[in-house]
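Subject: The structure we talked about

Hi there,

Here is the structure I promised to send over. Have a look at it first, and then read on for my notes.

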Amino acid sequence: MNALGQHITVSEAHEMIGEMEMNSDGELGFDEFCQFMHGQAGAHEIEPEKLAKKMFEIFDKDKSGTITTEEFLHVMEKMGESLTREDVEDIVLELDKDGDGEIDAEEFEAFVKKHT
């Protein structure tokens with residue numbers, strides 16, 4: 001959230017995760033995260049493109065301009081998501097429209113827009 005310009009306490013973070021977790025399965029899925037972030041964007045009048053860019057920056061840890069399987073897995077683990085490497089490889093494969101094995105900003109933005 002700091003990367004999005006929102007500074008929150010740990011208790012506020014736990015409360016937000018509870019709000020994000022929409023299907024009550026006890027896990028925060030990526031779709032739920034995207035939907036929540038879109039809601040936050042609407043509350044703060046952030047354009048969808050800017051939201052996708054900020055989210056991309058969170059995932060692109062090495063600032064290479066692409067999100068690798070390792071980067072995606074790392075962020076999802078930080079969000080409390082218990083995905084296997086195979087699960088994340090499947091997600092990357094689904095989002096990777098140009099077949100280079102990584103998610104670029106355009107591919108990520110298209111996904112975020114579709115799910116928000």
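**Helix 3 and its two sides**

The exposed residues Lys50 and Lys53 sit on the face of helix 3 that is turned away from its buried side. As for the words I use here, buried means under 20% relative accessible area, exposed means over 50%, and partly exposed is in between (1.4 Å probe, protein chains only). Helices (H or I, at least four residues) and strands (E, at least two) are DSSP runs, numbered from the N terminus.

Before going further, please keep in mind that this is a predicted model, in which local features need pLDDT of at least 70 and side-chain atom pairs count only at pLDDT 80 or more, while totals for chains, interfaces and linings use all residues. Residues are numbered from 1 along each chain as its sequence is written, and side-chain values use heavy atoms, with hydrogens and water left out.

Back to helix 3. Which residues of helix 3 are buried? They are Leu51, Ala52, Met55, Phe56, Ile58 and Phe59.

**The whole chain**

The chain has 6 helices and 2 strands, and from the N terminus on the elements run α-α-α-β-α-α-β-α. Of its 116 residues, 38% count as buried. The accessible surface comes to about 6900 Å², and 50% of that belongs to carbon and sulfur atoms; these areas come from the Shrake-Rupley method with a 1.4 Å probe, and for residues only the protein chains shown count as cover. Among contacts with a separation of 6 or more, 45% are between residues 24 or more positions apart. Contact here means heavy atoms within 4.5 Å.

**The core**

A nonpolar core is a set of buried Ala, Val, Leu, Ile, Met, Phe, Trp, Tyr and Cys residues joined through side-chain atoms within 4.5 Å. The largest one has 19 residues, and Phe59, Ile67, Phe72, Ile103 and Phe108 touch the most other members. Helix 3 (48–59), helix 4 (69–78), helix 5 (85–95) and helix 6 (105–114) each give two or more residues to this core. The largest share, 6 residues, comes from helix 3.

Leaving aside neighbours within four places in sequence, Ile103 is in contact with Phe56, Gly65, Thr66, Ile67, Phe72, Val92, Leu95 and Phe108.

Another residue to look at is Val112, found in helix 6. Val112 is buried, with a relative accessible area of 1%.

**Charged pairs**

Side chains of opposite charge can pair when their charged atoms come close. I counted a salt bridge wherever a side-chain nitrogen of Lys or Arg is within 4 Å of a carboxyl oxygen of Asp or Glu. How many salt bridges does this rule give? The count comes to 3.

- Glu57 and Lys53: the closest N and O atoms are 3.6 Å apart. The two residues are 4 residues apart in helix 3, so about one helical turn separates them. Glu57 is partly exposed at 31% relative accessible area, whereas Lys53 is exposed at 54%.
- Arg85 and Glu70: the side chains meet at 2.5 Å, N to O. Arg85 lies in helix 5 and Glu70 in helix 4, so this pair ties together parts that are 15 residues apart in sequence.
- Arg85 and Glu89: the closest N and O atoms are 3.3 Å apart. Both residues lie in helix 5, 4 residues apart, about one turn of the helix.

Shared partners join Glu70, Arg85 and Glu89 into one network of salt bridges. Relative accessibility is 38% for Arg85, 45% for Glu70 and 36% for Glu89.

Lys63 is not a glycine, yet its phi is positive, at about 55 degrees. You will find Lys63 in the loop between helix 3 and strand 1 (66–67). Lys63 is exposed, with a relative accessible area of 58%.

Best wishes
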